[in-house]
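Please consider the structure shown below. The paragraphs that follow lead through several of its side chains, their surroundings and the pairs that they form.

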Amino acid sequence: MTTPTAFPELDDLHTTRWQPKHQTYEQELIGVYQLFNPDTGTAEERYRATTANVQRLLGEAVAAGVHLRAYGGGWSMSRCQATDGWLLDTSGLNLLFHLRPTSIRADYAGNRDAVWLAQGGCSIAGLSRRLQPVGQSLHACGASNGQSIAGAIATGTHGSAIRFGGVAEAVRALHLVVSPTQSIWLEPEGTPVTEDGFAAHLGAELRRSDEQFFTALVGFGSMGFVQGVLFQARPAFTLRAFRRRLPYDDAFKMAVGGFDPAHLLVPLPDPARPSAELFHYSVVIDPFHPERGVFVTAMYDQACGPGSMSTRAAGIAPGDELYGTLGKILDLLPDVIPGIVSNLVTGDQKDLTDVCGSLDDQFPATETRGKAAGVGVSVAVADAIRTLELIIDVNAAHGPFPCILALRFVPGTRATMGFTRFPQTCVIDIDGPYSTRTRSYFARIWQALHDSDIDYGLHWGKVIGLSAAETRRLYGDRVDRWVDARHRLLPDAAVREVFRNTFLDELGLSG
């Protein structure tokens, strides 16, 4: 069995089995290795040395004919990050650079003081903390933030920033290691950010291509090794959160289907909180009793007011995921599931009145407790209620299943294979403990969606059940464009093979 040659920045973790954080599968593999930056030299020198070390590992993988994969937080529930070869833990690759004005093009229209280069292993939660001292923030994040930035964009992590979109929408360039002798600095041709000499400073080849950049944004870890992510930050801001139970009635359904922020039903409407400042809108539903109402959380992009309560004082982060709690009900008997789920939703979704905090305060890194899993179904907002009720009907007909439902909303992504691909996308989250019963529910939902006339997508980083044929039916020529861009980024077939895995094969994307 071939292992990589030892060097000081590579630790062999001495295991041939690996599980992601949510324990949705166990993978047999050759080995898991943690990669670090060198201890000495300037930050730029350490960054370039790590690029060389990754190229070295890639060369050894090609020579040995083994697969290579990177992971940061291990947050994905799908097998996107899985490999039977060498798995690299990149959590130690967390350098962060604030770009100098001289490195940014004069015609760049974004905030020139808030452009950052993060090494791919930087966690989303860590980036939020590191931006705070300079008065800046990420634009958006997911509901939990244990992911690395490379992993978050690779799978389309989205959140519910109704005007901005997911994490990938802030990305302006990618530094990809694409061969044992080459790395490229990839920017969109239409909106480049850096001066022409910046790529060479990193030891990379400059490439500007809209098609390749938007394909690589959601690249499933298969477009080369993501060494760096250039992203646009914004000035620090606070969100004022409100939550109430609202009727699940025709007025609510019509508001969701139209999704005009000016006409959404929100908790405590107030002229002091105009719809133009509505930043986040999400809904949690008890699938066993939607007639009892739905729990709506609205967050406004506003400074904290004199009556605001901090998230710490409130003792809860409004964006907390339910995975941890759901992990506790894994072994429930079927007859008690509806009551337990209803009590869990009611207990978790307490009323909130003006709970104020930063993006990181509202959406902190979530701890996992036990095996927990989820599916994310994306649809156009016009199909949101019909899809939600299809999912509820599957539970009623074949359950009970111990799952909770939620709706989140984002604009359509720029990414070629982004699953939030509808101009205004609703993501329906189905979250529950990972068990045989829950997997059965997921499979029935996938089949019902396939049999319906609803155009949909599935979250690439959650539990997913798409065949190559269904992927092509849903994404059409995007599949061919994605595969073509991968060939252009990785022209060497041996390198493409190194970055191939079963996940890619099953989706029909490894051609």
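Leu509 touches Phe220, Met417, Val479, Trp482, Val483, Arg486 and Leu504, leaving aside residues up to four places away in sequence; contact here means heavy atoms within 4.5 Å. The model is a predicted one, in which local features need pLDDT of at least 70 and side-chain atom pairs count only at pLDDT 80 or more, while totals for chains, interfaces and linings use all residues. Residues are numbered from 1 along each chain as its sequence is written, and side-chain values use heavy atoms, with hydrogens and water left out.

Leu509 belongs to the segment after α16 (502-507); helices (H or I, at least four residues) and strands (E, at least two) are DSSP runs, numbered from the N terminus. With a relative accessible area of 0%, Leu509 is buried, where buried means under 20% relative accessible area, exposed over 50% and partly exposed in between, for a 1.4 Å probe and protein chains only. Between Leu509 and Asp484 there are 9.8 Å in space, C-alpha to C-alpha, and the two are 25 residues apart in sequence.

Ring pairs join Phe220, Trp460, Tyr475, Trp482 and Phe503 into a cluster. Rings of Phe, Tyr and Trp (its six-membered ring) pair if their centres lie within 6.5 Å, and planes under 30 degrees apart count as stacked, over 60 as edge-to-face and the rest as tilted. Over the face of Tyr475 lies Arg421, at 4.7 Å from the ring centre; a charge sits over a ring if NZ of Lys or CZ of Arg is within 6 Å of the ring centre and within 35 degrees of the ring normal. The charged end of Arg439 likewise sits over the ring of Tyr434, 5.0 Å from its centre.

By the ring rule the count comes to 17 aromatic pairs. One of these is the edge-to-face pair of Trp185 and Phe198, with 5.1 Å from centre to centre and 65 degrees between the planes. This pair links distant parts of the chain, 13 residues apart: Trp185 is in strand β11 (residues 182-187) and Phe198 in helix α4 (residues 198-201). Both Trp185 and Phe198 are buried. The rings of Phe259 and Phe409 are stacked, because their centres are 4.4 Å apart and their planes lie at 25 degrees.

Charged side chains meet as well, and the structure holds 26 salt bridges, each defined as a side-chain nitrogen of Lys or Arg within 4 Å of a carboxyl oxygen of Asp or Glu. Glu187 and Arg208 form one of them, at 3.0 Å from N to O. Glu187 lies in strand β11 and Arg208 in strand β12 (residues 205-208), so the bridge ties together parts that are 21 residues apart in sequence. Glu187 is buried at 0% relative accessibility, whereas Arg208 is partly exposed at 23%. Salt bridges that share partners join Arg105, Asp107, Glu187, Asp196 and Arg208 into one network.

Arg69, in strand β5 (residues 68-71), presents another case. Arg69 is buried yet has no salt bridge, and the nearest side chain of opposite charge, Asp505, is 9.2 Å away; Lys and Arg count as positive and Asp and Glu as negative, with His and the chain ends not counted. The side chain of Arg69 does reach the backbone oxygen of Cys80, at 3.1 Å.

Notes:
Polar contact = N/O pair within 3.5 Å; in protein donor to acceptor, adjacent residues only side chain to side chain.
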